[in-house]
Amino acid sequence: MNRLIFDHTAFRRLADGDARRTARLVDVFKSSMRSSLDQLAAAAANRDLGALRAVGHRIKSGPAWIGALGLCEIGQQIEDAASGRMSGPEADLPALVGRAEASFRAAVAEMDEALKSFEDAAQGRNAP
Amino acid sequence: MSELHEAGDAVLAGDVLTTQAAARLLGVSVGTVLNMVERGELSAWRTAGGHRRVEREAVERFMRRQRQGQGAHPLRIMVIEDDDFLRAVYADQFASWKLPVDVKLYENGIEAMIDIGRQPPDVLVTDLCMPEVDGFSVARYLRSDERYKAISIVVISGLSDAEIAHEGGLPPGVALWHKPVPFPQLRGFVEALVNQRVREAGE
């Protein structure tokens, strides 16, 4: 089980602490990852190892930039399991896809909260 | 053969030109050449008989500067990345650097290859694992064609060195960096190219 779900330092660094730029990237991340997770679920249902490997590969690095390290770890595991590099109970692909979904939701909650504090801080700076 | 030798009879021996020869090569009038000499844009001197003579090297240097000035454009950068989020991060980072660059982002190798054929970039940054035409194919194709030799290619991949070797490796002359995308390194790389262009334009 991944212990580190969200890296706040990476999140703050994402767009140099700029709340507006960060919010825009968060939106893209949510929509992009939602699409990837849907693809994972479909691939798992169809036992499409090629698609699982490809999507796992894709999500093992991108989320690191926004701090979603748990997703990166699970993406790596999905790629490994679908490639046959990992076996045993940990290579249970439907379970890994479920964990990716849960990790995404947890990361989104973290980044929404972090973004709110960004915006609050920005409003505080702009207050008369 | 130097392009200056095509001026024919008006070219004097060696590195010295008459003002007429310099004017013909530059595509301007003799009067313009004289004005350029007066402004210090061309090195020249007078003979004992009072005739102007112009250094061939000065004319060549001026023509090089003109060509570079006319062809000057922001550093053209193409990025091929199939991850929507990473493309957005690339766009955000490049914009925040405020460098004289023209960045185009592509989701896959096919669209990029079509555009490269139309107008090659100065720099290509590409992922490797992508649907349809992947980064391996793009890098190999570009490195096998003399027309694209000048493109700086940077591969940024989540694959390990062993996995890349297993896929047949990358051609020579391709930089390989590993994901997560090392943006500070990429920025330094782009800045160096921008500075190099500025230096060359000033020579």
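A salt bridge here is a side-chain nitrogen of Lys or Arg within 4 Å of a carboxyl oxygen of Asp or Glu. By that rule, the interface of chain A and chain B holds 3 salt bridges. One of them joins B:Asp92 and A:Arg24, with 3.6 Å between the closest N and O atoms.

This is a predicted model, in which local features need pLDDT of at least 70 and side-chain atom pairs count only at pLDDT 80 or more, while totals for chains, interfaces and linings use all residues. Residues are numbered from 1 along each chain as its sequence is written, chains are lettered from A and ligands numbered from 1 in the order in which they are written, and side-chain values use heavy atoms, with hydrogens and water left out.

**Interface**

Between chain A and chain B, 5 residue pairs are in polar contact, both residues being at pLDDT 80 or more. A polar contact is a pair of N or O atoms within 3.5 Å; within protein, one must be able to donate a hydrogen and the other to accept it, and residues adjacent in sequence count only if both atoms are side-chain atoms. On the side of chain A that touches chain B, helix 2 (19-45) and helix 3 (49-58) of chain A are the elements that give two or more residues. Helix 2 of chain A has the largest share, 6 residues. Helices (H or I, at least four residues) and strands (E, at least two) are DSSP runs, numbered from the N terminus.

The residues on this side of chain A divide into 8 nonpolar, 4 polar and 6 charged. Ala, Val, Leu, Ile, Met, Phe, Trp, Tyr, Cys and Pro count as nonpolar, Asp, Glu, Lys and Arg as charged, and the others, Gly among them, as polar. In total, 18 residues of chain A are in contact (heavy atoms within 4.5 Å) with 18 residues of chain B.

**Chain A**

Chain A has 5 helices and 0 strands. Its C-alpha atoms fill a box of roughly 60 × 25 × 20 Å, taken along the principal axes.

**Loops of chain B**

Most residues other than glycine have a negative phi, and most peptide bonds are trans.

| Site | Backbone value | Loop of chain B |
|---|---|---|
| B:Pro180 | cis peptide bond with B:Lys179, omega about 0 degrees | between strand 8 (174-178) and helix 8 (183-202) |
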